[in-house]
Amino acid sequence: MHRNSYGLCSKVAKQIYNSQTGRYHGLWHWRRWVPCLVVTSARSLASVLGEGERFFVLPCRELQTMILFTKIAEIMYVARVLMGISNGITAVVTMIYLTEIADKEIRGALGMLVQVMINLGALAMYGIGPFVSYNVVNSILTTIPVLYLLVCLWIPESPYYHLKNDRFAAAKKEYMVIKGCKDGKTAEEELRIIRAHVRESMENKSTMKELFFKDKYRRTVYIIIGLKVLQYMTGSLAIQSYLEIIFRQSSSVSGPYASIVYGFVQMGAGVGATFLADYFGRRILMIVSCLGVAVSLSVVGLYFYLQDTARVDAGTLAALSSVPLIGVLAFNILYAFGIGNIPYIMQAELFPINVKTVASSSATMLACVLNFAVTKSYQGIKDLFGHYTVFWAFASVAYLGVVFIYMFVPETKGKTLEEIQDIMQERHIEMEMLNRYVGDVKDETRS
């Protein structure tokens, strides 16, 4: 649903820019704000609601209907923010839920499948949006939340949620349904191991203070913050929101059709990433993805530098006119294979259950802030410093990301959630022992 909104923004931003909708007269800055409002919301509601009861769905249908019929810009802002809240809750809970129910052998692939569905929504908007009216697009979107709600009624609850609330019998029932297990004794044995880890984690309070000020979570917090900065400061959603406008900068590329090609490539990349996620591992995919994204953005930036600043002759530009399309498509593929979705998986893998919901909500809120800043500043930076500056800034973040991933991000491929927590705790225990040793040495020196 939320990626439908991003695809929609690329079309609507163009319409507003060209004054084709007949709406919101005089608000020329609307084209800068709407892509930001789609993805900016109070996503911390998920930390209050928790991941129980499958998914909490706000009335997206009614909100989309507001957008369909309103002619007042402020109402659209409010509706978009409320849709962002609903989408944010879904984004936080979905990945937590999938990582908790999936076997370790398919957890990465299942997480990547979320990206495939997101890309499918974007492709639908790219393929339909440019060729139908504004009202038709929004009418289509009003039906999606209804279908979503009906499907969610049949989804079983996460066993971890029941164990967290000390409901072993309910956890066993859901576990046997999810795993397709017929042997009750085997299910009980496996759940006892999980319950031991859950109880150990739940001994600590699941508060924001616990998350940010407890030493045992500090390394994980730093890793997730770094991954979120890398995921959003490379400009993926800004590029997607302004896709048609970017391609219209090139004389030989048609905006609407280029967007459709972009959507198909994005879809194919998501499908390919699903097969690779549990084959190569998280780290290597993110490193390759990051480096490829950096090179692709650098090449696109170079084209706009030659066009806007170096002002090379028209014949040279004509020969290079396909560079923006190829560069953005390459960015799209490489982004989808790694940094586009793996950080979502890792934020649900690395945190223990007692702080997982608070941590995932906080990470998503950070993503909102970063995404808002990038999407809102994109047009202004482009106007002030040139298009090449924007792309080179995104590329710089990606180059730094390669170093960050290599130095700090652990591998979680092929490990259960319990094994991942054991690894993270081992690092914490090692640091505690080192600090104690250093403290003892200092005391002996003073005495």
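Visitor: Let's start with Asp 166: in which loop does it lie?

Guide: Keep in mind that this is a predicted model. Asp 166 has a positive phi of about 60°, although it is not a glycine. As for its place in the chain, Asp 166 lies in the loop between α8 (159-164) and α9.

Visitor: Does Asp 166 count as buried or exposed?

Guide: The cut-off for exposed is over 50% relative accessible area. Asp 166 has 55% relative accessibility, so it counts as exposed.

Visitor: Moving along to helix α9, at about what angle do α9 and α10 pack?

Guide: Helix α9 covers residues 168-179 and helix α10 residues 184-202, and their axes are 10 Å apart. α9 passes α10 in a right-handed crossing. The two pack at an angle of about 120°.

Visitor: And what does the contact of α9 with α10 consist of: how many nonpolar, polar and charged residues?

Guide: From α9 come Phe 168, Ala 171, Lys 172, Tyr 175 and Met 176. Among the residues they meet in α10 are Gly 184, Glu 188, Leu 191 and Arg 195. By type, the residues of this contact divide into seven nonpolar, one polar and five charged.

Visitor: Now the inside. Which residues touch the most other members of the largest nonpolar core?

Guide: In soluble globular proteins, nonpolar side chains tend to be buried together. Here the largest nonpolar core has 82 residues. Those touching the most other members are Leu 227, Ile 239 and Ile 405.

Visitor: Leaving aside neighbours within four places in sequence, which residues are in contact with Ile 239?

Guide: Ile 239 is one of the core members that touch the most others. With its sequence neighbours left aside, its contacts are Thr 234, Ile 246, Leu 297, Val 328, Phe 331, Phe 391 and Phe 394.

Visitor: How many residues of helix α19 are buried?

Guide: Helix α19 runs over residues 342-350 and is mostly covered. Its buried residues include Gln 347 and Glu 349, along with Ile 342 and Leu 350.

Visitor: Last one, about cysteines: how many disulfides does a search of the whole structure find?

Guide: Cys 181 counts as buried at 17% relative accessibility. Cys 290 is buried too, with a relative accessible area of 0%. As for disulfides, the search of the whole structure finds zero.

Definitions and conventions:
Residues are numbered from 1 along each chain as its sequence is written. This is a predicted model: local features need pLDDT of at least 70, side-chain atom pairs count only at pLDDT 80 or more; totals for chains, interfaces and linings use all residues. Side-chain values use heavy atoms; hydrogens and water are left out. A nonpolar core is a set of buried Ala, Val, Leu, Ile, Met, Phe, Trp, Tyr and Cys residues joined through side-chain atoms within 4.5 Å. Buried means under 20% relative accessible area, exposed over 50%, partly exposed in between (1.4 Å probe, protein chains only). Contact means heavy atoms within 4.5 Å. Helices (H or I, at least four residues) and strands (E, at least two) are DSSP runs, numbered from the N terminus. A disulfide is a pair of cysteine sulfur atoms within 2.5 Å. Axes are lines fitted to C-alpha atoms, for helices over the stretch in contact, and angles run from 0 to 180 degrees between N-to-C directions. A crossing is left-handed if the near helix is turned anticlockwise from the far one by less than a right angle, and right-handed if clockwise. Ala, Val, Leu, Ile, Met, Phe, Trp, Tyr, Cys and Pro count as nonpolar, Asp, Glu, Lys and Arg as charged, and the others, Gly among them, as polar.
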